[in-house]
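Please open the model in your viewer and keep the sequence panel beside it.

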Amino acid sequence: MSALFDFQSFLTVVLLFICTCTYYKLIYPGGLVQTTGFRGLFWKAARIGERLSPWVSVACIAMGLSILFS
């Protein structure tokens with residue numbers, strides 16, 4: 001089944017996308033400078049990861065535990 005049709009898998013993909021964009025921006029700060037268009041989606045995900053990092057980390061832990069025990 002595709003990750004787009006299963007809600008838990010969709011949330012996992014979104015969390016991994018946010019974490020990946022944040023990590024990429026921390027390693028290569030000049031890589032995500034465009035804030036509009038398709039590439040702006042990556043910048044916005046990195047911004048969410050930077051500003052809401054405690055909440056994103058709690059969500060990643062909760063998602064990992066739910067995948068582990070389901």
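A residue is called buried here when its relative accessible area is under 20%, exposed when that value is over 50%, and partly exposed in between, with a 1.4 Å probe and protein chains only. This is a predicted model, in which local features need pLDDT of at least 70 and side-chain atom pairs count only at pLDDT 80 or more, while totals for chains, interfaces and linings use all residues. Residues are numbered from 1 along each chain as its sequence is written, and side-chain values use heavy atoms, with hydrogens and water left out.

**The whole chain**

Begin with a cartoon of the protein, which has three helices and zero strands, the elements running α-α-α from the N terminus on. Helices (H or I, at least four residues) and strands (E, at least two) are DSSP runs, numbered from the N terminus. The C-alpha trace spans about 40 × 25 × 15 Å along its principal axes. Of the 70 residues in the protein, 21% are buried. If contact is taken as heavy atoms within 4.5 Å, residues 24 or more positions apart account for 53% of the contacts with a separation of 6 or more.

**The salt bridges**

Next, select Lys25, Arg47 and Glu50, which are linked in a network of salt bridges. Side chains of opposite charge can pair when their charged atoms come close. The rule applied asks for a side-chain nitrogen of Lys or Arg within 4 Å of a carboxyl oxygen of Asp or Glu, and by this rule the count comes to two salt bridges. In one of them the side chains of Lys25 and Glu50 meet at 3.8 Å, N to O, and this pair links distant parts of the chain, with Lys25 in helix H1 and Glu50 in helix H2, 25 residues apart. Arg47 and Glu50 also meet in a salt bridge, at 3.6 Å, N to O, and both lie in helix H2, three residues apart, about one turn of the helix. Lys25 counts as buried because its relative accessibility is 13%, whereas Glu50 is partly exposed at 31% and Arg47 is partly exposed at 27%.

**The phenylalanine cluster**

Now show the side chains of Phe17, Phe38 and Phe42, which ring pairs link into a cluster. Rings of Phe, Tyr and Trp (its six-membered ring) pair if their centres lie within 6.5 Å, and planes under 30 degrees apart count as stacked, over 60 as edge-to-face and the rest as tilted. A search of the whole structure finds three aromatic pairs. The rings of Phe17 and Phe42 have centres 5.5 Å apart and planes at 50°, so this pair is tilted; Phe17 belongs to helix H1 (residues 7-27) and Phe42 to helix H2 (residues 37-51), 25 residues apart. For Phe38 and Phe42 the centres are 5.4 Å apart and the planes stand at 90°, so the pair is edge-to-face, and both residues lie in helix H2, four residues apart. Phe38 is exposed, with a relative accessible area of 63%, while Phe17 is partly exposed at 28% and Phe42 is partly exposed at 25%.

Centre the view on Leu32, which lies in the loop between H1 and H2 and is buried at 10% relative accessibility. Not counting residues up to four places away in sequence, Leu32 touches Cys21, Tyr24, Lys25, Phe42, Trp43 and Ala46.

End the tour at Thr22, in helix H1, which is buried with a relative accessible area of 11%. Leaving aside neighbours within four places in sequence, Thr22 is in contact with Ala45, Ala46, Gly49 and Glu50, and Ala45 is in contact with Phe17, Ile18, Cys21 and Thr22.
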